[in-house]
Amino acid sequence: MSATTAARKRSPASARAKALPRIAPGVLLVLLALCGPFLSPHTIDTPVTGPYMAPGDGAPLGGDQLGRDVLSRLLHGGTALIGSAFLVAVVVTLVATLLGCIAVLRPAVGRAVERAADVAILLPPILGIMLIALAWPGGGRWAVVCAAIVLGIPYAVRIVASAAAPLAASGYVEAAMARGESLTYIALRELLPNLRATVLALFGLRFVEATYVISMAGFLQIGPQPPDPDWSLMVRENAPGILLNPWAVVAPSLAIALLAITVNLASTALAPQFVRRTVTTS
């Protein structure tokens, strides 16, 4: 066995070892956010100190505008945000992958999807969120989640279709079509295995985008409403007292930024491991 061959065989394990430091922060932060409610020292709606009091005994990050423990509300606020962003990323990625594969295999469908996506992309995201959230009965977090899904799919479809177009013209796909294989078979067995890197990177980007969209809606009070311990809502509520207790604003802001950065780094670190082309032989 030559040295070059041995190096190639060691490369997957070496790549995983190098990727681990970039994956670990995101995983740890997500686990901490999900376990936060069980680690909270106080309830989210009980005042434990004075309004905008500085950090002290019983309140490591001080109090918010009503004297509630900032740390406890911070630990409770991550679960809903991560769950909502994860739901948006999963639905958008799945639907976009399905439509993108169909679009490159059926030119007529592809043209219709492309035109619809072009029109939807032109709609400003904040305007679209406000239109859907205001039209949604009762508004709230589900309205924002729905808006993020609807507005995120067109752009994601274009990405998947662009990545799948060269594959659709390759010999093994043409051979599968000549054998009379179904559209589902070609999409799942011939195209999707070669799109894993794109799909995984797309999932990471959609998660980050959903985090920002949901946070922005919370800051504008379109989505979560008081007394929900939402991180972006905490920033808005405690902004007037930032000079008295900066942690009431800085802590949730840092949490949102770290969540988006670490998850994006994790998805980027994982993507190169799936670049190898897989071609079915049946």
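These are my notebook entries on a predicted model of one protein chain.

**Entry 1: the overall fold**

I began with the secondary structure. I counted 10 helices and zero strands in the protein. Read from the N terminus on, the order of elements is α-α-α-α-α-α-α-α-α-α. The protein has 282 residues, and buried residues make up 41% of them. The accessible surface came out at about 14300 Å², with 71% of it belonging to carbon and sulfur atoms.

**Entry 2: the record**

Residues 142-161 are 100% helix and 0% strand. The end C-alpha atoms of residues 142-161 are 28 Å apart. Residues 242-267 are 81% helix and 0% strand, and their end C-alpha atoms lie 34 Å apart.

**Entry 3: the nonpolar core**

Which residues touch the most other members of the largest nonpolar core? I found Val-88, Leu-105, Leu-191, Leu-195, Phe-207, Trp-231 and Leu-259, in a core of 53 residues. The elements giving two or more residues to this core are α2 (70-105), α4, α5 (141-168), α6 (171-178), α7 (183-191), α8, α9 (231-238) and α10 (247-270). The most comes from α5, which gives 13 residues. I followed up Val-88. Leaving out residues up to four places away in sequence, Val-88 touches Val-145, Ala-148, Ile-149 and Ala-210.

I turned to α7. Its buried residues are Tyr-185, Ile-186, Ala-187, Glu-190 and Leu-191. The cover over the buried residues of α7 includes α2, α5 and α6. Leu-191 was already in my notes as one of the core residues that touch the most other members.

Next I took α9. Why is α9 largely enclosed by the rest of the structure? Seven of the eight residues of α9 are buried, so the rest of the structure largely encloses this helix. The buried ones are Trp-231, Ser-232, Leu-233, Met-234, Val-235, Glu-237 and Asn-238.

**Entry 4: salt bridges**

How many salt bridges does a search of the whole structure find? I got five. Asp-64, Arg-68, Arg-73 and Glu-237 are linked in a network of them. In the bridge between Arg-68 and Asp-64, the closest N and O atoms are 2.8 Å apart. Arg-73 also bridges to Asp-64, with closest N and O atoms 3.6 Å apart.

Asp-64 has a relative accessible area of 1%. Arg-68 is buried too, at 5%.

I looked at another bridge. The side chains of Arg-141 and Asp-230 meet at 3.1 Å, N to O. This pair links distant parts of the chain: Arg-141 is in helix α5, Asp-230 is in the loop between α8 and α9, and 89 residues separate them. Arg-141 counts as buried because its relative accessible area of 17% falls under the 20% cut-off. Asp-230 is buried as well, at 2% relative accessibility.

Most residues other than glycine have a negative phi, and most peptide bonds are trans. I looked for exceptions. A cis peptide bond joins Pro-226 and Pro-227, with omega about 5 degrees. Pro-227 sits in the loop between α8 and α9. Tyr-52 is not a glycine, yet it has a positive phi of about 55 degrees. I placed Tyr-52 in the loop between α1 (3-39) and α2. Tyr-52 counts as buried, at 15% relative accessibility.

Leu-123, Ile-126, Leu-127, Met-130, Leu-131, Leu-134, Met-216, Phe-219 and Leu-220 make a nonpolar surface patch of about 760 Å². Which elements each supply at least two residues of the nonpolar patch? They are α4 (125-135) and α8 (196-219). The largest share, five residues, comes from α4. I checked one member, Met-130, which lies in helix α4. Met-130 is partly exposed, with a relative accessible area of 36%.

Terms used: Residues numbered from 1 in each chain as written. Predicted model: local features only at pLDDT ≥ 70, side-chain atom pairs only at ≥ 80, totals over all residues. Heavy atoms only, no water. Patch = residues over 30% accessible without salt bridge, like charges linked within 9 Å, V, L, I, M, F, W, Y side chains within 5 Å. Areas by Shrake-Rupley, 256 points an atom, 1.4 Å probe, with all protein chains shown as cover. Salt bridge = Lys/Arg side-chain N within 4 Å of Asp/Glu carboxyl O. Helix = DSSP H or I, 4+ residues; strand = E, 2+ residues; numbered from the N terminus. Buried < 20%, exposed > 50% of the residue type's maximum accessible area, 1.4 Å probe, protein only. Core = buried A, V, L, I, M, F, W, Y, C linked by side-chain atoms within 4.5 Å. Contact = heavy atoms within 4.5 Å.
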